[in-house]
Amino acid sequence: MNTIVVGQLQRQFQDYIVSLYQQGYLDNQFTELRKLQDEGSPDFVAEVVSLFFDDCAKVINDMSTSLERPDHVDFKQVDSGVHQLKGSSSSVGARRVKNVCIAFKECCDVQNREGCLRCLQQVDYEYKMLKTKLQDLFNLEQQILQAGGTIPQVSMN
Amino acid sequence: MALKDLSSSSSSELHVLAVDDSFVDRKVIERLLKISACKVTTVESGTRALQYLGLDKGSSGLKDLKVNLIVTDYSMPGLTGYELLKKIKESSAFREIPVVIMSSENIQPRIEQCMVEGAEDFLLKPVKLADVKRIKELIMRGGEAKEGLTKSPSPKRILQNDIDSSPSSSSSLISSSQDVSSLDDDTPSSKRMKLEPS
């Protein structure tokens, strides 16, 4: 094992994950999820976020359909979708996505179609952004493991 | 009574039935429970939970079914967590099983309603490891605190944002789990996130 390489990768990982918290992409719940990962379930976090992103794609698509016709918006469906996304984003620690959902709900409550469309676009952007960021993070993890190192535990106090 | 079940069953694990319509949340709660050395069965609706318990349409269900705890989301389409709670408490076979309600919304009347109906506790989502450990301890003690008391209207603790940073001694015991949700079968166990061109 090349300890210098492992050390560099670990530092890179540490810096990257800290930046994700600092930029508000992730919150404490993501830390909680990482606690649940171990040698027995090494892919737990990746699996859960993968489910989350699949969920995002589907729900966003459904909401898009509901918001399509200006004269016939199914706000009940949209509200249900926002509720679902807010819940799942909260469960995985996807802070920015969750925050957009909060604003989204407000638009939905007052039946503001334009506002909803803006929020829809934003939530789509945010989940895709997070997906890319986390993929990079997981790739770093893989590199560390392949180089024979262990994934650092990062505490965000 | 939970303790009686434990001593008579061959396994010393708590068997928890987790009910949640969110796929993501089911995955998380399942892991939280397994890492806390519980056997877990997840279902996606109140109706499915009743089917599993054998409480729907008068079916008898599995004779030797031992469920020590039911954890259910509140807001679900169809049967809500509250309605599920009521049905369980109305059943002579299952009314002794502790039921914990989870919700993303901290609505006091809702919480009280559930506690009055006999819920063991109320967890605010997102659920953390510390919450599960606390619930498990509560159940393992066999609800001693309730002895001699009538149904208490207030849960033991609902403050979600406590700085409860007690590190969890996560025991990776190989706990058995059983998923009976029809929708849960899609995910292969070692699925990695795929790299897609963005």
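**Ground rules.** I am working with a predicted model, in which local features need pLDDT of at least 70, side-chain atom pairs count only at pLDDT 80 or more, and totals for chains, interfaces and linings use all residues. Residues are numbered from 1 along each chain as its sequence is written, chains are lettered from A and ligands numbered from 1 in the order in which they are written, and side-chain values use heavy atoms, with hydrogens and water left out.

**Chain B.** I found 6 helices and 6 strands in chain B; helices (H or I, at least four residues) and strands (E, at least two) are DSSP runs, numbered from the N terminus. Along the sequence I read the pattern α-β-α-β-α-β-α-β-α-β-α-β. Chain B has 198 residues, of which 49% count as buried; buried means under 20% relative accessible area, exposed over 50%, and partly exposed in between, with a 1.4 Å probe and protein chains only. Of the contacts in chain B with a separation of 6 or more, 70% are between residues 24 or more positions apart (contact: heavy atoms within 4.5 Å).

I located B:Asp73 in strand S3 (residues 69–73) of chain B. B:Asp73 counts as buried because its relative accessibility is 7%. Leaving out residues up to four places away in sequence, B:Asp73 touches B:Val19, B:Asp20, B:Asp21, B:Gly81, B:Met102, B:Ser103 and B:Lys125.

I placed A:His83 in helix H4 of chain A. At 37% relative accessibility, A:His83 is partly exposed. With residues up to four places away in sequence not counted, A:His83 touches B:Ser75, B:Ser104 and B:Glu105.

**Largest pocket.** I noted about 830 Å³ of space in the largest pocket. A pocket is an open set of points on a 1 Å grid over the protein atoms alone, where a 1.4 Å probe fits, with protein on both sides within 12 Å along at least five of seven lines; lining residues have an atom within 4 Å of a point. Of its 32 lining residues, A:Ser80, A:Gln84, B:Asp21, B:Ser22 and B:Pro77 are the closest to the centre. H4(A) gives the largest share of the lining, 9 residues.

Conventions:
Points joined across faces, edges and corners; volume = space filled by probe spheres on them.
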